[in-house]
Structures are given as structure tokens and as C-alpha cells.
Amino acid sequence: MPATFRLRQRASVFFASISLLLAACGSSNLPDAAPPAVPGSGDGGIAKQRAEWIDGRLSVDVPVPVVTFGLSAEQAAALQAELQPYTVDHANGDLNQSLPPDIDELQSDGALVLVPLLGESFTLPVLPTALYQVTPAPAALVAEFEAALAAARLSDTRFDAIAMEDFLAAALPRHGFALNPDAPSMVILHLAAFGVGEHGWKVQGTTGFIEPVRLFGDRKPLLILDPSAVPDPYGSGEDFANPLAADDAATMANFVREATEYRMLQGSIYPVSTAPCHAVTGIMGVRQTSIAQATPLLRPVEEALVAEHIAAAFQNLTGGIASFDLKILQLPQDDPVLDALTRGEFPAFEVLRAYLSLNFDRYHVDHPGCEEYLSIVVQSDLLAVPGGGVIGIGTYDDSPGQRISMSWVHDIFRLTFDPESPVGVFAGEGKEFLNWWEYLFSHETGHILGQRHPHDITSNSSSSGSSNSFSSIWSSMSYQQDGRMIDFGANDQANWRRNRAGYALLLAAQAGREGSAEWQRAMDAASRLDWTGVWRALQ
């Protein structure tokens, strides 16, 4: 198994995402040995930036272009004055695997390693500083924007977020605003200047939609904020979550800074592997005693779960160096032991985790040289304990070095929450069907690949650690999207590459490679924000 991270810094209890208490959820070929180029990596036209290795961390300046529509030159200047350089200081960690007991861990760290959900907190080896560059859109671009806004109008109070994102991604480069996948841009819209009153945006996914939202993007290297829009019902109620006047520079700046924490420069939840490839095996367990499976109008798991959707999402996140192998097991007959152990659901997850750890090679499809990930999703029945909902967790402990996720979908939940159910009474608005299996595979495996939710951070730089105001983006990590799309957005991808670069540098430093020719090449790539170049230089 590739190198893991043995950082003995037991600093605090680290609660990783116990995800999806009420939330919905991919086979590919082995990637080529030589990783393909990441489109746009390091070629966004950005001049060299400060990049230094200080106290075991990559301290790097990251320009954040902020293009405004609807702010006057004076209002944009006031916003720029509020947005001083902002350093994002994040941490990540691991979760102890209490069973079977790890003797080495017991000797070095004591009995605390036996406590489930207790883990270590690691200082993230990347310390990025956002350098905001606020620029009002030029008149010619504003004229194009007004036409695009009219075309994106869906009703008196709603606009098409997808159409607007596509327009901006095409128009900004034409007017001199290059988009860099390694350092996405922000756009601020204030529609009062265009005669628009109360309004919100609609994000159309592949199996449903969400509305109204006031923050969207990530299908492209763009995050779009509309502080003039109505509150997002899913939001957290911060001062910036309500409609803001165009001259409220202080609150608007807080919106931008928190968007930087939660999206633009977000740290990882677990250490990101620096392996040359990533091999995910998905185990879909389907109980033959499931009533939902046999209910007319409810599509069976085998029809609803499309492996290629999840494989494509992992390819997007990693830049094309991930594989996904899917096994569908009919329970209990195909695997009576797995059937028995998964019946305890989340309360018994440590027992299941121990079993999967000891039998990892039995379930995982071998891809030599790749980091290994095992993701289990179970379509349960009415007899599971405790039952009634959907729950999942992605776990990583650097001692066994295994990345395992486990998820359950209970019959009661499918029967009552699926819009296609003949007895559905709590069907979610904007959903075509409960796309839970693809969602859980992509979401929980996303965690063990290193991804956080867009609503949580472990931060020394933000006053908050949780906010729902940034969940309306294009990402499988979002609870708000809830399976309406299966993908990882542009900020997910940029954050994954940057965090991987930090861990590549950390491992190289631990190996005594500072000052070597490859180290110099890596640091030069970091100064150009070429995160993939950093990783490649140290392979």
C-alpha cells in the first residue's frame, strides 16, 4: 500500500463527517501509468507568486480574481479596500480504528486509540493566502451580461444559474479575465443596478433542481455570489445570507472571505494520497428481503445505479487517475457474513470496519501501485437496526492506512421519501427520484479521497466551523444537492490538487529531499500555482 502519514500530533478530538443522517448517492479501466495532463493546470496566465516552505508547510499566495457586475467603480473600490490579503489556516485528521486493537498505537498513544471516532488533528501542509483582485466588469462585458441575464430569466423572480455560469465562463476570457482551473475566480452580481427586484437562482442538476439560491457555480472554474438575491432557505442565516445593499462593502467582504474558507481554498478532511493512481472498489449490497426493491414504480438498485456516472466523477476529481470497480452482491446469499455485520448499521460500524479491514483484499479489486479505497453501500430492508433513514461515514486511520466508507439506505426511507414511491409522503421538492446509491458512493468515497463538505471546515482563520450558505454549488459533497447531480466541481478539483501538492512536499521534506533538484522544480511549480506540477516533480 502506498505511503501513509505518520504524524504523531495527538492534538484534539477530530470528528470527521458522520454524513447523511437524512441525505441520496459507479466501473472503469485501470488508468495509464503516466498520469495525463490536467487541462489548464499551471497555464492560467498567472505570474509567479510567493511560494515558501516554512515550518513544514507550503506558504503560498493565491490570486483570487473578483469580477463585479452591478457595483459602481466606487463600490468596487470600497470592497477591494475591505478585502486585504487573507490567509486560510486549515487542519485535517484521521479517525481511530478501534478494532482490532493496534498494539503499536497502544504503546505510543495509549488507550485513547480504542475510542471510536477519536482521532488525530494534523496541521494541513498548505497555508494559502488569498490575494483578492476586485475589478468591475467593463462596459462591453456588462452589455453582454444584460442580454444573457434576460435570456436566463425563467420567471419574474427566478433566473437560470446554469445558463448564467456558462455565459460567464465563455465571456470572461473574451474580455481579458482568464480562468485558471488551479485558482478559480469569483464573480459578484448585484442585480438591483439592472432593475431586478426580489429574485433567486435555480440550479438544474441531472436528476432534479434546487431553488432559490444566491451562490452557485463550480461546473466551471467560477464561484458566483449574488448578495442581492433572496435568502437561500437552506442557508445558515449569517449577516451576508440576506439581501445586501451594493454599498455594504464590509458585509459583502465577509461573504467573500467565508466563501474562500469554505470553497476557494478549503483544506482536506483527511490527508490526500500522493499515489500515482487511485483505485476505488464499490460494493453494492442489495437485500433480497427489501420491500422497496419489489415495489412497483420504484426503480431497482440495478437500474438506478450507473457505475459510469461515479467513475466519471472520480476521474474529474483526480484529473483522470482514478478507477472504479463495482460489485453488486445479493444479500444474504452472496455474502452471509457481510449481510449479518451490516444489519447493525451505524451503531455497529466499528465491528464492520474491523471486518473489512481484516478482509480488505477479499473485497478490493487490486490495481498494483494505486492507493486503495473500499466503499460499501447497502440497500437494507425493514428489519435492519436501528433503521428508518440513510447514513454513511467515510473513515481513514493512518495506522492501518486503509480508506473505508460504509453507507446504508433503509426501506422505510425509500418508501416514504422517494418521489416515485406510491406511498411517498415526504418526497423532496425538485427531485426526480432518490439517487442515493450513486450519491453515497461518490459522497462517502469523496471523503476518503480527502474531500470535505462545502458546509464544514477545521479552521484557525475563520470564526465559524460550519455554514450551510455554501452548499448550493455543483458537488457531490453537498447535502443540499442531495443526489441531484453526481460530480466534483472545479473548486473540489483545485482544492484536491493543491492539498495533494502540500502532502507531496511534506513527504519529500520528511525524506530529506529539501534543496534537491526535484524539490526546486516542485517549488517553482508551486509559485506558478501548478499543483499537479508540484506532485509530478516529486514522484
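Modeller: The structure holds 23 salt bridges. A salt bridge here is a side-chain nitrogen of Lys or Arg within 4 Å of a carboxyl oxygen of Asp or Glu. Side chains of opposite charge can pair when their charged atoms come close. This is a predicted model, so local features need pLDDT of at least 70 and side-chain atom pairs count only at pLDDT 80 or more, while totals for chains, interfaces and linings use all residues. Residues are numbered from 1 along each chain as its sequence is written, and side-chain values use heavy atoms, with hydrogens and water left out.

Take Asp182 and Arg497. Their side chains meet in a salt bridge, 2.8 Å from N to O. The pair links distant parts of the chain, 315 residues apart. Asp182 lies in the loop between helix H4 (161-174) and strand E10 (185-189), whereas Arg497 belongs to helix H14. Helices (H or I, at least four residues) and strands (E, at least two) are DSSP runs, numbered from the N terminus. Asp182 and Arg497 are both buried. Buried means under 20% relative accessible area, exposed over 50%, partly exposed in between, with a 1.4 Å probe and protein chains only.

H14 deserves a look of its own. This helix covers residues 490-510, 21 residues in total. At 1.5 Å a residue, H14 should span 30 Å, and its end C-alpha atoms are 30 Å apart, which agrees. The expected span is 1.5 Å times one less than the number of residues. Of the 21 residues of H14, 20 are buried, so the helix is largely enclosed by the rest of the structure. Just after H14, Gly512 takes a positive phi of about 75°.

Next, strand E17 (371-379). Glu371 in E17 pairs with Arg403 in strand E19 (residues 402-409). Their closest N and O atoms are 3.0 Å apart. The two residues are 32 residues apart, and the pair links distant parts of the chain. Both Glu371 and Arg403 are buried.

Asp339 and Arg343 also meet in a salt bridge, at 3.7 Å from N to O. Asp339 has a relative accessible area of 9%, so it is buried. Arg343 counts as partly exposed because its relative accessibility is 23%. Elsewhere, a network of salt bridges links Lys48, Asp524, Arg528 and Asp530.

The rule is a pair of cysteine sulfur atoms within 2.5 Å, and the count comes to one disulfide. The link is left-handed, with -95° about the S-S bond. Cys277 sits in the loop between helix H5 (249-264) and strand E15 (278-287), and Cys370 in the loop between helix H11 (360-363) and E17. These cysteines are 93 residues apart. Cys277 is buried at 8% relative accessible area. Cys370 is buried at 2%.

At 40% relative accessibility, Leu382 counts as partly exposed.

Finally, the whole. The protein has 16 helices and 19 strands. Of its 539 residues, 63% count as buried.
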